[in-house]
Amino acid sequence: MSVAQILSQFQASGAETCFHDRHINPQIYAGLDGKNWGIHDYVARGGYAALRKILGQDGGEGLTQDQVIATVKESGLRGRGGAGFPTGLKWSFMPRQFPGQKYLVCNSDEGEPGTCKDRDIMEFNPHTVIEGMIIAAYAMGISVGYNYIHGEIFHTYERFEAALEEARAAGYLGNNILGSAFSFQLHASHGFGAYICGEETALLESLEGKKGQPRFKPPFPASFGLYGKPTTINNTETFAAVPWIIRNGGQAYLECGKPNNGGTKIFSVSGDVERPGNYEVPMGTPFAKLLELAGGVRAGRQLKAVIPGGSSSPVVPAELMMKLTMDYDSIAKEGGSMLGSGAVIVLDDSRCMVKSLQRLSYFYSHESCGQCTPCREGTGWLWRVVDRIERGEGRPSDLTLLDSVAGNIMGRTICALGDAAAMPVRGMLKHFRHEFEHHIEHKTCVVGADV
């Protein structure tokens, strides 16, 4: 079997992920069928109208940089990569009067376990990301941008490159865009599959051709980023939301969601559901509704727990999760977890939480870049301790040891990978401690032999 044939087994067609009729008021996925990704179809759907609007090419007066940023602020758009930082506020940090080169970077290094939304956007609607980046560059006075794409989705990288060529040929990229005084060059760059390169400063290091390891902050990228120049970094889905906001207004986008949580959000629902896939729904949609869209928990099983924002977010028990809405504030304040990347991992009552944590802990131990001692050593300790509990060799002192190691990792590393490894451990021990105790005492799983 050739390399291409092997990779094709893992290449999503979109049929199982985003091409279904179960979205609610979609904005990014609206009108997509898997074949209409090109520029002509995008323009027919209203594409590049937002760019024409800000440049005054639609018969209007155009928008100033301040007006574009104000519109994005009004929309309540928050970063869709995980942190949830207000996008318009981040754009306002860019020193627009800086005399030298400035950079715009799209973080498409989608490596959070359970997340598969950004690759679908780039493959099936790449021009909305391109247009969003052009608008962002205009707002901040930036002339050069890069899209850093996860190295293990090379087909998607090739699709994005093809879309860039279309945009250049149509005059939407390059010098004097649409005859205006505004110029912007955009390039794609593929990574090599390292999870750590999803951290923004490690991404910048990799983009510069160096080993992908996080930088100390401060200085922050807004003042010292790519090649030491002011840089703004946003996630793929964040840029993809911008054209709709400019076309329809910030208030209209805010009204699609809820206060402080504007617009729609794409959730990658996986695990023990009947119809896993990507679902675009308004922010604030009840989790119960999202679970219903995904076909509910698989037949014959009951919901046990949910990891609501990718593998780094603490687990939430079923009873509590069913009361929450899918937005940053509800998940954090009421659920004690994070919305994160929007990767919703559903666990039914057949799942052993010790085994689930064993798999997660191994991932973070494997993906630690090794730069910080607490993370390099601590993630290995977490995995080894959980692994021995799962294998029936656990000790009564192991639970105290796990909590101690997690506590000594959190807040003591350059980037958040250490915290990402520790939070699932603490979340599991908080809500499912009895399963770990049963493993240690009885050398077997509490859920029975069917797991």
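The legends below describe close-up views of a predicted model. Local features are given where pLDDT is at least 70 and side-chain atom pairs at pLDDT 80 or more, while totals for chains, interfaces and linings use all residues. Residues are numbered from 1 along each chain as its sequence is written, and side-chain values use heavy atoms, with hydrogens and water left out.

**View 1. Phe-19 and Phe-124 form an edge-to-face ring pair.** The whole structure holds 14 aromatic pairs. Rings of Phe, Tyr and Trp (its six-membered ring) count as a pair if their centres lie within 6.5 Å; planes under 30 degrees apart are stacked, over 60 edge-to-face and the rest tilted. The centres of Phe-19 and Phe-124 are 4.8 Å apart and their planes stand at 65 degrees, so this pair is edge-to-face. Phe-19 belongs to the loop between α1 (3–8) and α2 (39–44) and Phe-124 to helix α6 (residues 117–124), so the pair ties together parts 105 residues apart in sequence. Helices (H or I, at least four residues) and strands (E, at least two) are DSSP runs numbered from the N terminus. Phe-124 is buried at 4% relative accessible area, whereas Phe-19 is partly exposed at 22%. Buried means under 20% relative accessible area and exposed over 50%, with partly exposed in between (1.4 Å probe, protein chains only).

**View 2. Tyr-195 and Phe-363 form an aromatic pair.** The pair is edge-to-face, with 5.0 Å from centre to centre and 75 degrees between the planes. Tyr-195 is in the loop between β3 (185–190) and α9 (200–207) and Phe-363 is in helix α15 (residues 353–367), so parts 168 residues apart in sequence are tied together. Tyr-195 is buried, with a relative accessible area of 14%; Phe-363 is partly exposed, with 21%.

**View 3. Charged side chains sit over the rings of Phe-267 and Trp-381.** The charged end of Lys-265 is 5.5 Å from the centre of the Phe-267 ring. Over the ring of Trp-381 sits the charged end of Arg-384, 5.7 Å from the ring centre. A charge sits over a ring if NZ of Lys or CZ of Arg is within 6 Å of the ring centre and within 35 degrees of the ring normal.

**View 4. Helix α16 covers residues 373–390.** Its 18 residues reach 26 Å from the first C-alpha to the last, close to the 26 Å expected at 1.5 Å a residue; the expected span is 1.5 Å times one less than the number of residues. Buried residues of α16 include Cys-375, Gly-378, Leu-382, Val-386 and Ile-389. Among the elements that cover the buried residues of α16 are α15, α17 (398–409) and α18 (417–442). Just after α16, Gly-392 has a positive phi of about 80 degrees.

**View 5. The largest pocket holds about 1400 Å³ of space.** A pocket, on a 1 Å grid over the protein atoms alone, is an open set of points where a 1.4 Å probe fits, with protein on both sides within 12 Å along at least five of seven lines; lining residues have an atom within 4 Å of a point. Grid points are joined across faces, edges and corners, and the volume is the space filled by probe spheres set on the points. Of the 50 lining residues, Gly-81, Gly-82, Ala-83, Gly-198 and Glu-199 are the closest to the centre of the largest pocket. β4 (231–235) is among the elements that each supply at least two residues of the lining, and its five residues are the largest share.

**View 6. Gly-84 lies in the loop between α4 (65–75) and α5 (87–92).** Gly-84 counts as buried, at 4% relative accessibility. Leaving aside neighbours within four places in sequence, Gly-84 is in contact (heavy atoms within 4.5 Å) with Arg-78, Gly-79 and Tyr-328. The C-alpha atoms of Gly-84 and Met-338 are separated by 9.6 Å, although these residues are 254 apart along the chain.

View 7. Most residues other than glycine have a negative phi, and most peptide bonds are trans. Tyr-227 has a positive phi of about 55 degrees although it is not a glycine, and is partly exposed at 43% relative accessible area.
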